[in-house]
Amino acid sequence: MTLDSVVPLLQTPDRLETLLKAIPPEPGVYLMRDRLDQILYIGKSKTLRSRVRSYFRPSQPLSPRIALMVQQVADIEFIVTDSEAEALALESNLIKQHQPHFNVLLKDDKKYPYLCITWSEDYPRLFITRKRRMGHSQDRYYGPYVDTGLLRQTLGLVQRLFPLRQRRQPLFKDRPCLNYDLGRCPGVCQQRISPEDYHRTVAKAAMVFQGRTQELEALIQQHMAKAAAALNFEQAAQFRDQLRGLQHLGAQQKVALPDDTVSQDAIALAADEIHACVQIFQIRAGRLVGRLGFVADAQAETPGSLLQRVLEEHYAQVDPVEIPGEILVQHGLPETEILGQYLSQRRGRKVEIVVPQRQGKAELVALVERNAGYELARTQQAADRQAQSLQDLAEILDLPDLPRRIEGYDISHSQGSDAVASQVVFVDGLPAKQHYRRYKIKDPTVTAGHSDDFASMAEVIGRRFRRHSLAKAQGRELRPQGDRSPSLLRPDADLADWPDLVMIDGGKGQLSAVVAVLKELNLLEDLRVVSLAKKREEIFLPGQSQPLVTAPEQPGVQLLRRLRDESHRFAVSFHRQKRSDRLRRSRLDEIPGLGHTRQKELLGHFRSIDYIRLASPDQLATVPGIGPKLAQQIYEYFHPQPSPDG
């Protein structure tokens with residue numbers, strides 16, 4: 001069957017009815033695909049047949065988003081599970097894997113930070129990050145936290161209370177740094193503590209971010225009593241200081257409930273037509289121990305569906321001990337029973353999900369909703385500023401529509417050496433780092449002592465848009481039609497990165513070089529390109545000798561300046577990295593038999609050439625790929641023997 005013969009199910013009622021009858025009335029997960037076999041939507045249900053059929057009933061009211069999705073469904077798959085809880089877990093895993101466009105996905109806009117513990121390492125690190133990478137399944141992310149200041153305060157206190165690893169890389173090779181002498185680090189760099197003992201210390205620190213401070217206080221109190229009974233008063237004093245620090249941390253919490261045995265989560269949202277800001281208050285032993293924030297697309301689903309998606313994603317990533325016995329929700333959830341069963345199985349005890357009616361609990365949910373409203377107001381202000389910048393830029397450049405995707409390019413080098421270029425992308429006025437690209441300049445005339453920014457910029461633009469030029473020659477559409485979201489796959493999805501505007505860092509010279517290469521590619525009439533000169537923040541257009549009349553503080557000009565500064569930063573950082581790699585390897589290149597791979601092994605093991613120079617032949621031979629003979633050659637290179645005539 002060819003793609004042309006595959007049509008949406010709504011256009012083939014007989015095939016739709018056959019598919020629906022084949023779906024069993026059992027719990028499970030369903031996957032809806034388009035005519036290109038791409039997954040549009042993944043859902044779960046305790047009765048698959050009824051749920052899937054509900055999408056295609058004419059009398060069933062659907063949101064505009066889901067109605068658009070149903071029009072594109074060309075096939076339906078299903079996976080039967082033994083229980084509703086298994087269906088929820090499977091759905092969560094499949095959504096993470098495939099990221100379907102029509103599922104309610106939380107936006108990772110770096111607005112709120114996480115606390116990361118790298119359990120995948122022998123000596124885990126604790127640090128704050130706004131990038132939630134799941135490269136190692138063992139690593140644990142706590143958050144995202146709304147109160148960044150309190151998170152930094154808490155981490156600082158934890159690092160003072162517990163002797164933890166302070167640096168990503170060792171400061172010295174043969175001795176610990178000052179943190180060891182101050183008692184703030186157990187000498188991880190010199191392995192003066194075993195990984196097992198260090199893991200136990202980190203586990204105690206993690207209890208603070210799990211909201212289990214009461215358990216931790218009781219544990220430390222026991223250790224303090226044992227140390228005092230053994231007349232180890234110095235260690236008992238250390239436990240006492242840790243206990244006081246934890247009690248001070250608890251006293252800083254802004255919300256306290258009269259019942260100090262209560263452990264519950266309260267979730268609420270505030271939304272407008274576009275944005276939805278969701279917050280979770282974590283109450284443990286009557287105290288607020290965490291305030292988490294999430295951002296989602298308000299057009300995606302109903303408030304109850306949004307709350308359910310947040311709860312599913314949040315609790316899928318926490319340890320079972322962190323799941324409370326009661327969850328207070330602002331709105332009723334579409335599948336409260338399934339979620340409650342799933343959480344009860346994970347926790348090992350019953351978990352209740354309730355919409356509170358009594359005064360005390362209802363007031364707590366109202367408090368969460370009020371805080372979510374404040375976050376929504378800040379989000380709206382930021383969105384208004386971005387919309388104003390895009391509108392102003394469209395007016396300055398006389399664009400037919402708001403420039404959704406803008407690309408910025410810059411060149412960086414040191415008098416021609418290590419020449420590189422950057423491609424930075426802003427989507428809807430915000431950096432989209434997943435689309436950033438770096439280029440190494442391949443022009444053989446650009447060498448140390450001879451630079452040519454014009455030729456370098458022309459080379460980069462030519463490499464960036466060459467496939468679009470070929471597509472145009474084949475008669476394909478350069479600009480995707482309709483919804484330009486990269487998640488919606490279409491026959492020309494490989495061209496979905498076509499920009500609405502290209503900005504070149506430089507003046508008329510750089511712009512002229514880019515115009516020349518775009519003419520060669522036959523794309524000049526299709527692509528809008530401008531340059532931004534640094535001296536007076538002047539905007540130049542192709543074919544015009546004078547810059548546009550603008551003010552430096554105009555919102556549109558400021559947007560281009562942010563794009564220019566980001567492209568410059570990205571290019572310079574890549575240039576420095578490339579130059580540093582060259583300088584680090586320059587001396588090693590002179591050693592016969594030491595190729596690029598072995599150089600990487602040496603530098604990865606010893607961290608710097610200085611440490612390689614200080615190493616003995618036996619130490620060098622322990623590096624993978626470096627045998628005794630080559631180790632001796634490396635040692636003799638750094639320790640040449642004087643000649644007999646010398």
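This is a predicted model: local features need pLDDT of at least 70, side-chain atom pairs count only at pLDDT 80 or more; totals for chains, interfaces and linings use all residues.
Reader: What makes the set around Leu311 a nonpolar core?

Author: A nonpolar core takes buried residues of nonpolar kinds joined through side-chain atoms within 4.5 Å. The largest such set here has 57 residues, and Leu311 is one of those with the most contacts inside it, along with Leu126, Phe209 and Leu343. Helix α7, residues 195-209, gives the most to this core, with seven residues.

Reader: Which residues does Leu311 touch, leaving aside those up to four places away in sequence?

Author: Leu311 touches Ile267, Ile280, Ile327, Val329, Leu333 and Leu339. Contact here means heavy atoms within 4.5 Å.

Reader: And which residues belong to the other core, the one of 30 residues?

Author: Among them are Ile441, Val446, Val460 and Phe465, and that core lies apart from the largest one.

Reader: Let's turn to α8. How do you know that its span is close to what is expected?

Author: Helix α8 covers residues 213-229, which makes 17 residues. The expected span is 1.5 Å times one less than the number of residues, and for α8 that gives 24 Å.

Reader: Why do you say that the buried residues of α8 line one face?

Author: The buried residues of α8 are Thr213, Leu216, Glu217, Ile220 and Ala227. Seen down the helix axis, they fall within an arc of 100°, so they line one face. In general, an α-helix has 3.6 residues a turn, so residues three or four places apart point the same way.

Reader: What does the face of α8 turned away from its buried side carry?

Author: That face carries Lys226 and Ala229, which are exposed; the cut-off for that word is over 50% relative accessible area. After α8 comes Leu231, with a positive phi near 65°.

Reader: Now for the strands. What makes β1 mostly covered?

Author: Buried means under 20% relative accessible area, and six of the six residues of β1, residues 28-33, are buried. Gly28, Tyr30 and Met32 point one way, while Val29, Leu31 and Arg33 point the other way.

Reader: How do you know that β1 pairs with β2 and with β3?

Author: Pairing needs at least two bridges. β1 has six with β3, residues 75-80, and six with β2, residues 39-45, so each counts as a pair. Both pairings are antiparallel. Met32 stands opposite Ile76 in β3, and Leu31 has Ile42 in β2 as its bridge partner. In the hairpin of β1 and β2, five residues lie between the strands, and Asp37 takes a positive phi near 70°.

Key:
Residues are numbered from 1 along each chain as its sequence is written. Side-chain values use heavy atoms; hydrogens and water are left out. Buried means under 20% relative accessible area, exposed over 50%, partly exposed in between (1.4 Å probe, protein chains only). Helices (H or I, at least four residues) and strands (E, at least two) are DSSP runs, numbered from the N terminus. The arc is that of the directions from the helix axis to the C-beta atoms.
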